[in-house]
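Welcome! Take a moment to look over the sequence and the fold below, and then let us walk through some of the features together.

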Amino acid sequence: MKIEFPALFQAIIFGFTYAAEILGEVDHYYVKIPGWDTMLHTMNGFLCAAIGFSLVYLLNRGSDNINLSPFYLTLVAFCFSMTIGVLWEFFEFTMDQLFFVDMQKDFIVNNIGSVTLDPENSGLPYFIGNITDTVINTADGKSYTVAGGYLDIGIIDTMKDLLVNLIGAVVFSIIGYCTLKFSKKSVITDSLMIKPVK
């Protein structure tokens, strides 16, 4: 395709992959180190925005008929990053539903609002606070106790991941916009941008 990935950009991608797959999954950093998953999802938002920005920038720069504004380029980069983030969360959800691998890590919460648990079945949210433990009984007679509160399966992790992906995408979008608008050369265009081979 005659494009070049700068060395720094390659190093960041390789480092991200190593941190996610080897350290995160094999060495269990997702469980051992609080915030590991959050850090990686933030980096993912930043990297995907950089990739989206670079690809559209290449098309824009290589065409005589298209001249996209810096705002449009950064908007596309932001949307590209968020789309990748959402698709990844769909993948995590699918894997958890089909194979029970717990990619969407569980959180223990102490307070919930639930329409389903309302004893009067009024259809209104029913607040349950100061939950100390939850008991799960299965059809085969087994019992599991969740110490410390109620087990939230997935939704907090998903929303947190999308929020930090948003932060990473916004940070890169601001940097990319300022680079195009106010500067001819910067760390973004020199070190993080995919370039055509000369």
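In this predicted model, lysine 160 pairs with aspartate 37 in a salt bridge whose closest N and O atoms are 3.6 Å apart. Lysine 160 lies in helix 5 and aspartate 37 in helix 3 (residues 36-61), so this pair ties together parts that are 123 residues apart in sequence. The points below start with this charged pair and then move on to helices, surface and loops.

- How many salt bridges does a search of the whole structure find? The search finds three.
- Besides its link to aspartate 37, lysine 160 forms a salt bridge with aspartate 157, with 3.9 Å between the closest N and O atoms.
- Lysine 160 and aspartate 157 both belong to helix 5, where they sit three residues apart, or about one turn of the helix.
- Aspartate 161 also forms a salt bridge with lysine 160, and here the closest N and O atoms are 3.2 Å apart.

- Is lysine 160 buried, partly exposed or exposed? With a relative accessible area of 22%, lysine 160 is partly exposed, because buried is a word kept for values under 20%.
- Aspartate 37 has a relative accessibility of 15%, so it counts as buried.
- Aspartate 157 is buried as well, with a relative accessible area of 2%.
- Aspartate 161 counts as buried too, at 1% relative accessibility.

**How the helices pack**

- Helix 3 and helix 5 pack with their axes 7 Å apart and at an angle of about 40 degrees.
- Helix 3 and helix 5 are therefore oblique to each other.
- The crossing in which helix 3 passes helix 5 is right-handed.
- Helix 4 (residues 70-99) is another partner of helix 5: the two axes come within 9 Å and cross at roughly 160 degrees.
- What does that angle say about the directions of helix 4 and helix 5? The two helices are roughly antiparallel to each other, because angles over 145 degrees count that way.
- Helix 4 passes helix 5 in a right-handed crossing.

**A nonpolar patch on the surface**

- Which residues form a nonpolar patch on the surface? They are Leu163, Leu166, Ile167, Val170, Val171, Ile174 and Ile175.
- Together, the residues of this patch have about 530 Å² of accessible area.
- One of them, isoleucine 167, is placed in helix 5 (residues 155-182).
- Isoleucine 167 is partly exposed, and its relative accessible area is 44%.

- Histidine 28 has a positive phi, near 60 degrees, and is a residue other than glycine.
- Where does histidine 28 lie? Look in the loop between helix 1 (7-26) and helix 2 (29-32).
- Histidine 28 is partly exposed, with a relative accessible area of 46%.
- Asparagine 121 is not a glycine either, yet its phi is positive, at about 50 degrees.
- You can find asparagine 121 in the loop between strand 3 (112-114) and strand 4 (126-128).
- With a relative accessible area of 66%, asparagine 121 is exposed.

**Distance along the chain and distance in space**

- Threonine 83 is part of helix 4, and this residue is partly exposed with a relative accessible area of 43%.
- Threonine 83 and glycine 45 are 38 residues apart along the chain, while their C-alpha atoms are separated by 9.8 Å.
- Aspartate 152 lies in strand 7 (residues 150-153) and is buried, with a relative accessible area of 11%.
- Aspartate 152 and valine 170 are 18 residues apart in sequence, and 28 Å lies between their C-alpha atoms.

Technical notes:
Residues numbered from 1 in each chain as written. Predicted model: local features only at pLDDT ≥ 70, side-chain atom pairs only at ≥ 80, totals over all residues. Heavy atoms only, no water. Patch = residues over 30% accessible without salt bridge, like charges linked within 9 Å, V, L, I, M, F, W, Y side chains within 5 Å. Areas by Shrake-Rupley, 256 points an atom, 1.4 Å probe, with all protein chains shown as cover. Salt bridge = Lys/Arg side-chain N within 4 Å of Asp/Glu carboxyl O. Helix = DSSP H or I, 4+ residues; strand = E, 2+ residues; numbered from the N terminus. Buried < 20%, exposed > 50% of the residue type's maximum accessible area, 1.4 Å probe, protein only. Axes fitted to C-alpha atoms, helices over the stretch in contact; angles between N-to-C directions. Parallel < 35°, antiparallel > 145°, perpendicular 65-115°, else oblique. Left-handed = near helix turned anticlockwise from the far one by under 90°.
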